[in-house]
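Please keep the sequence and the structure at hand while reading.

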Amino acid sequence: MIIKVFNDKFKTWGFLVIDSLKLGPGKGGIRMTPSVTENEVERLAHAMTLKNALANIPFGGAKSGIIFDPKTHTPKEKREIVEWFAKELKPVLVRSYIAGPDINMTEREMAWFVNAADNHKAATGKPRVLGGLPHELGSTGFGVAQATLLALRYKKIEPADATIAIEGYGNVGIFAHKFLQEKGARIVAVSDSRGSIYSKDGLNYKKLIQTKKRTGSVINYPGGKKLSNKEIFILPVTVLIPAALPDVINSGNVSQIKAKIVVEGANIPMHEKFERKLHERGVLIIPDIIANAGGVISSYAEYRGYDAKKMFKLVEQKITASTDALLSQLTKSNKTPREIALQLAKKKLETR
């Protein structure tokens with residue numbers, strides 16, 4: 001099911017794609033970017049179907065998007081657009097679609113959305129005051145960190161011996177950094193919209209957060225080397241974590257990737273054909289539908305009324321189970337990680 005709506009006042013489109021309702025109501029966040037397309041939302045919605053199946057969660061797959069440039073709209077206008085979208089989708093909310101945060105959407109926007117829909121069950125990732133478990137708690141980044149640690153163990157690399165680059169320093173990248181640093185890993189490079197920062201000795205999480213808050217960008221981290229956004233993908237690191245935009249690993253850089261492991265913190269950070277190229281070169285890939293499922297697992301925890309402590313435990317259990325299932329199959333198969341993950345997801349969908 002595809003629903004397209006047009007806002008005449010702001011001359012912008014919104015899209016909702018419900019890919020599957022087989023396991024339950026369609027679940028997937030709202031993406032607000034200037035470049036979001038119907039095709040992108042379709043790809044993401046299908047990924048959500050697979051992600052929920054792999055995590056063994058009773059949600060179907062869905063995703064929505066609004067063409068929106070944060071640089072050209074005031075917060076008041078953004079709120080009006082979010083509220084308009086919620087009202088347009090009201091006939092299908094809860095029964096067929098439950099929204100959540102995604103790019104340029106936080107707990108604040110989720111509060112606007114559910115209040116406009118007049119139903120607090122219309123979205124997850126809400127503020128705690130509305131009974132939510134906001135994604136700002138770090139559930140997705142925590143899950144990415146868990147998947148990364150398991151991938152390192154599979155490669156027989158100790159966290160303390162690993163170097164990690166994280167593309168994107170939003171909610172996913174920030175918490176992946178935090179939780180991986182706590183386990184002793186060295187995060188040597190991160191990026192945001194203004195560029196990348198590199199330090200072979202490692203970037204301290206607290207110091208980097210303070211720099212980002214104070215100056216508006218990670219590139220102002222004292223003592224670090226400034227690089228372009230593109231350069232972060234080709235650094236000689238142990239682990240590369242694309243944690244922001246889609247299709248960032250592509251024909252222009254796939255042959256230059258030097259990482260031994262790629263953990264897909266972002267949704268669809270590369271096409272399957274590029275995953276295959278890296279796999280054939282011996283690069284271990286943990287696909288997005290496994291690695292970044294922490295957000296939707298947190299959404300399910302919120303849906304069930306769990307507290308934050310129980311939510312993090314559930315994320316760890318489910319990410320560990322699905323990553324271990326992938327890696328155990330990988331040792332006895334010549335299939336790519338994506339092919340194995342799809343096979344596991346299909347099996348779960350067929351048994352329901």
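The model shown here is predicted. Trp13 has a relative accessibility of 37% and therefore counts as partly exposed, and Phe6 is likewise partly exposed, with a relative accessible area of 37%. The structure holds eight aromatic pairs, and one of them joins Phe6 to Trp13: the ring centres are 5.0 Å apart and the planes stand at 55°, so this pair is tilted.

Another pair is formed by Phe59 and Tyr300, whose ring centres are 6.0 Å apart and whose planes make an angle of 85°, an edge-to-face arrangement. Distant parts of the chain are linked by this pair, with Phe59 in the loop between α1 (38–54) and β5 (60–67) and Tyr300 in helix α9 (residues 294–304), 241 residues apart. Are Phe59 and Tyr300 buried or exposed? Both residues are buried.

## A cluster, and charges over rings

One aromatic cluster is made up of Phe142, Phe175, Phe179 and Phe312.

Elsewhere, Tyr306 has Lys310 over its face, with 4.1 Å to the centre of the ring.

## How α1 meets α11

Two packed helices are described by the angle between their axes and the distance between the axes. For α1 and helix α11 (residues 337–350), the axes come within 8 Å and cross at roughly 75°, and because angles of 65 to 115 degrees count as roughly perpendicular, α1 is roughly perpendicular to α11.

On the α1 side the contact is made by Thr49, Leu50, Ala53 and Leu54, which meet Ala341, Leu342, Leu344, Ala345, Lys348 and Leu349 of α11. The residues of this contact comprise eight nonpolar, one polar and one charged.

## Two positive phi angles

Asp118, which lies in the loop between α3 (107–117) and α4 (139–154), has a phi near 60°, a positive value in a residue other than glycine. With a relative accessible area of 63%, Asp118 is exposed.

Lys156 is placed in the loop between α4 and β7 (163–167), and although Lys156 is not a glycine, its phi is positive, at about 60°. The relative accessibility of Lys156 is 78%, so this residue counts as exposed.

Conventions. Residues numbered from 1 in each chain as written. Predicted model: local features only at pLDDT ≥ 70, side-chain atom pairs only at ≥ 80, totals over all residues. Heavy atoms only, no water. Phe/Tyr/Trp six-rings, centres within 6.5 Å; stacked < 30°, edge-to-face > 60°. Buried < 20%, exposed > 50% of the residue type's maximum accessible area, 1.4 Å probe, protein only. Helix = DSSP H or I, 4+ residues; strand = E, 2+ residues; numbered from the N terminus. Lys NZ or Arg CZ within 6 Å of the ring centre and 35° of its normal. Axes fitted to C-alpha atoms, helices over the stretch in contact; angles between N-to-C directions. Parallel < 35°, antiparallel > 145°, perpendicular 65-115°, else oblique. Contact = heavy atoms within 4.5 Å. Nonpolar A, V, L, I, M, F, W, Y, C, P; charged D, E, K, R; others polar.
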